[in-house]
Amino acid sequence: MVGVIRRLNRLKALVKLRVGPGAALLPEDVTRIHMEFAMKHNDGHMGPRKFWREALPRLKYWNPQIPMIVNRHRDQSAPATLSIYFRKPGATITKETPTPPSATDGSSKAPPPSEGESVVTIDMKNRHSDVILQEFLEKTKAQLLKPTPQDEQELLDAKQREEQGAIDRERNRKRLEEEKREKALMAAAQAEAAAIRAAAQL
């Protein structure tokens, strides 16, 4: 039973990764993406963080060939930027462009565009994640991917399983509470009976 539940949870996670904000195919001229924002959500960094958590995983799922670097830092007063690198029309990028790893100490800054590249930067600070995503889609001319009937059915099934799971958990909670109450009553009755027997022997 545990194996079945785990398999269903993995299926649910996969469906949610395929469908939703950020499910889009990027054109071939997009070469890489770089995000930079603060670790905490205050001071205008909530929208960038939500975009990173919700939209970026879907973008990566549908565009695994495109490097996506995330540079987080602890300076809440710093800008929050989303840099999109494009191959210039007619340009051929012959040598492989080095891609810095993602970082949580602010060390993975957005690199300058290489020869044959251009870069467009979106200011994400103090903006809602939906607004950031909309501007990103417009600037990249990405192709939105709509859920298939199978995706919609799997999402519905996952929602129903989640709702049924909540009902089952509540039922189990009440059953355990009732068992605990009955044990407490039994223990109290046994203690009272023992006290009566002890008093009778005096």
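Predicted model: local features only at pLDDT ≥ 70, side-chain atom pairs only at ≥ 80, totals over all residues.
Within the model, 3 aromatic pairs are found. One of them is formed by Phe37 and Trp52, whose rings lie 5.6 Å apart, centre to centre, with an angle of 50° between their planes, so that the pair is classed as tilted, the class between the limits of 30 and 60 degrees. Because Phe37 belongs to strand β2 (residues 30–38) whereas Trp52 belongs to helix α2 (residues 46–62), this pair ties together parts that are 15 residues apart in sequence. Both Phe37 and Trp52 are buried.

A further aromatic pair is made by Tyr61 and Trp62, and here the arrangement is edge-to-face, with 5.1 Å from centre to centre and 90° between the planes. Tyr61 has a relative accessibility of 32% and therefore counts as partly exposed, and Trp62, with a relative accessible area of 29%, is likewise partly exposed, since this class covers values between 20% and 50%.

An aromatic ring is also involved in an arrangement with a charged residue: the charged end of Arg32 is placed over the ring of Tyr85, at 4.3 Å from the centre of that ring.

Thr121 is located in strand β5 (residues 117–123), and its relative accessibility of 46% makes it partly exposed. When residues up to four places away in sequence are set aside, Thr121 touches Thr81, Leu82 and Ser83. Between Thr121 and Phe136, which are separated by 15 residues in sequence, the distance in space is 9.5 Å from C-alpha to C-alpha.

Definitions and conventions. Residues numbered from 1 in each chain as written. Heavy atoms only, no water. Phe/Tyr/Trp six-rings, centres within 6.5 Å; stacked < 30°, edge-to-face > 60°. Helix = DSSP H or I, 4+ residues; strand = E, 2+ residues; numbered from the N terminus. Buried < 20%, exposed > 50% of the residue type's maximum accessible area, 1.4 Å probe, protein only. Lys NZ or Arg CZ within 6 Å of the ring centre and 35° of its normal. Contact = heavy atoms within 4.5 Å.
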